[in-house]
Amino acid sequence: MQKKVVLNFPPHLIDQPITYRLIKDFGLVVNILRARISPREWGRMVVELAEDGGRWQDAMDFLADTGVEVEPLAREVLRHEERCIHCTACVSPCPTKALDVPDRQTMTVVFDRERCIACELCLKVCPYQAMEILFE
Amino acid sequence: MAKTIQEINDKIRAGRAVVVTAEEILAVVKDKGVKKAAAQVDVVTTGTFAPMCSSGAYFNLGHTKPRMKLGGGRVTLNDVPAYAGFAAVDIFMGATAIPDDDPRNKVFPGAFPYGGGHVIEDLVAGEEVRLTATAYGTDCYPRKALDTLIRLADMNEAVLFNMRNAYQNYNVAVNLSDRVLYTYMGVLQPRMRNANYCTAGQLSPLLNDPLYRTIGVGTRIFLGGGVGYVVSQGTQHNPGVRRTDRGLPMGGSATLAVTGDLKQMSPRWLRGASFTGYGVTLAVGLGIPIPILDEEMLYYVSVSDADIVGPVVDYSEAYPNGKAEILAHVTVAELKSGEIVVNGKKVATAGLSSYARAREVAQILKDWISAGNFLLSEALEPLPGPESGYVFKPLAERPAIQTLTEGYSNVASVK
Ligand code: SF4
Ligand code: SF4
């Protein structure tokens, strides 16, 4: 099982090799989807973790002890259903097909949170402010 | 067997009219053929829901005490400037108007979060907006300033008046340059990585009556969730373009000016839209019933996405410079499949016009007519057609004064 999570780093941890420890010490399979890290600020990283590889629970405990907050990604991305008009403008830019048109007869746009990697490409593209990502 | 609009209306009143959408008619024709379908079906409903920038609304705000003449003054609704060059309390809000303090494209690309289109949507949704005004004051209209909340219900008249809607066919936009383009056709990725289109295709009103046999001045329509009317041809009406064998224009062609009572409309069908780097506009839901007068009309409404071709245009070079270069023609069926091929390259497509919502418009209009709540109207005047010689011409500039740069170079030469 792959799990997408957001890791929030407090400013004092920016110079720590946290990802290295997750891989090396706990044997996790880590795929970094996006990251924003700058000096003296909270760092944020969206990662995909394989839940069945490595010592998952120990790794989560390590993160909690170090002060890294872990949140599921899905909570951070939402489509305001009442604002979406199903124009399809976001479908070709979305790199993961989280936004897709499975039925080309009705042309309805389906949003699958689980596929979303919070890349934010849809934000600039949607004219109706239907997509929201609470990543800042 | 020809029918008149009168006869069709009698059937609608009696609840006996056979009404189908422009999508449903395709199966009927496939099943029964044009002749039988024409005898059976009375009305075909069309629909579209897309950004339409030349939209706006006029309002009569009611008089203040003491009286105030907004004409010649400055008026804003939620900080968005309205045009006030009329009598005392009539104003016009255009879809693309934006607040004076919006940073625009200073930090490129601008976000344009709120503007005229959103003001119209908020008013239609029943929300209070802030009205501010300043005026110079006269003997008959002494008041000089106003700052109040106002709702649609408080106004005397509130009327949607769109000078150009429902474009008959449209460009498919691509970007041949090396940088991302932010346009009214959406975000265009460099080196033709995507193609954006904007048409309801087989559901589009004017593509179902390609030579304007039934749609004309005075046609009663679905507009913004309420009832509206065609005023006349819209601005930039251009019926003389190249057409296919079916009479379908192969690019932007006819347009409609439309109007309707805003108080009847709904925010589901009038939606403010923000195009990154471009600005604000209004998405408008519009649907037109087509009376099936004879077999020819039925043939026209049997148009499918595979019959409609649109021109692929480069928005990095050809469009901004007003060049008539077309990279390819593609069908709406290809566009809706999610991928087209241009010059041998596969390009991912995305829409701006909502087909899902266009279907809903056509369905609502069908329900209104089937229930006997909406009668068809006879056009009072036809729209200028392909043979009319009516054309859309560019502006021929004739500078009225010496330009600033020339002025500067003169100064330099004196030195
Ligand atoms: S942020 Fe938007 S574009 Fe990016 S993966 Fe998620 S839905 Fe797709
Ligand atoms: S661009 Fe926005 S309105 Fe259009 S389909 Fe995507 S989320 Fe919906």
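The legends below accompany several close-up views of a predicted model. Because this is a prediction, local features are described only at pLDDT of at least 70 and side-chain atom pairs only at pLDDT 80 or more, while totals for chains, interfaces and linings use all residues. Residues are numbered from 1 along each chain as its sequence is written, chains are lettered from A and ligands numbered from 1 in the order in which they are written, and side-chain values use heavy atoms, with hydrogens and water left out.

**View 1. Overall arrangement of chain A.** Chain A holds three helices and eight strands, where helices (H or I, at least four residues) and strands (E, at least two) are DSSP runs numbered from the N terminus. Read from the N terminus, the order of the elements is β-α-β-β-α-β-β-β-β-α-β. The C-alpha trace spans about 50 × 35 × 20 Å along its principal axes. Of the 136 residues of chain A, 46% count as buried, a class defined by a relative accessible area under 20%, as against over 50% for exposed and in between for partly exposed (1.4 Å probe, protein chains only). Among contacts (heavy atoms within 4.5 Å) in chain A between residues at least 6 apart in sequence, 65% join residues at least 24 apart.

View 2. After the helix comes A:Gly67, with a positive phi near 105 degrees.

View 3. Ligand 1 is surrounded by 13 residues, of which the closest are A:Cys94, A:Cys116, A:Cys119, A:Glu120 and A:Cys122; a residue is near a molecule or strand if one of its heavy atoms lies within 4 Å of it. By class, this shell has 11 nonpolar, one polar and one charged residues, with Ala, Val, Leu, Ile, Met, Phe, Trp, Tyr, Cys and Pro counted as nonpolar, Asp, Glu, Lys and Arg as charged, and the others, Gly among them, as polar. The residues surrounding ligand 2 include A:Cys84, A:Cys87, A:Cys90 and A:Cys126, and among them are also A:His86, A:Thr88 and A:Val109. The shell around ligand 2 divides into 10 nonpolar, two polar and no charged residues.

**View 4. A:Asp100 in strand β6 of chain A.** A:Asp100 belongs to the strand formed by residues 99-100. Leaving out residues up to four places away in sequence, A:Asp100 touches A:Val91, A:Thr108, A:Val109 and A:Val110. A:Arg36 is 64 residues from A:Asp100 in sequence and 27 Å from A:Asp100 in space, C-alpha to C-alpha.

**View 5. The kinked helix α2 of chain B.** This helix (residues 24-40) has 17 residues, yet its end C-alpha atoms are only 13 Å apart, short of the 24 Å that a straight helix would reach at 1.5 Å a residue; the expected span is 1.5 Å times one less than the number of residues. A kink of about 115 degrees is centred on B:Gly33, the bend at a residue being the angle between axes fitted to the seven residues ending there and the seven starting there. B:Ile25, B:Val28, B:Val29, B:Ala37 and B:Ala38 are buried, and the buried residues of the helix pack against β1 (19-21), β2 (43-45) and α4 (295-301) of chain B.

**View 6. Backbone features in loops of chain B.** Most residues other than glycine have a negative phi, and most peptide bonds are trans. A cis peptide bond, with omega about -10 degrees, joins B:Lys65 and B:Pro66, and B:Pro66 is found in the loop between β4 (56-60) and β5 (74-77). The bond from B:Phe108 to B:Pro109 is also cis, with omega near -10 degrees. B:Ala166, in the loop between β10 (158-165) and β11 (172-174), has a positive phi near 60 degrees and counts as buried at 7% relative accessibility.
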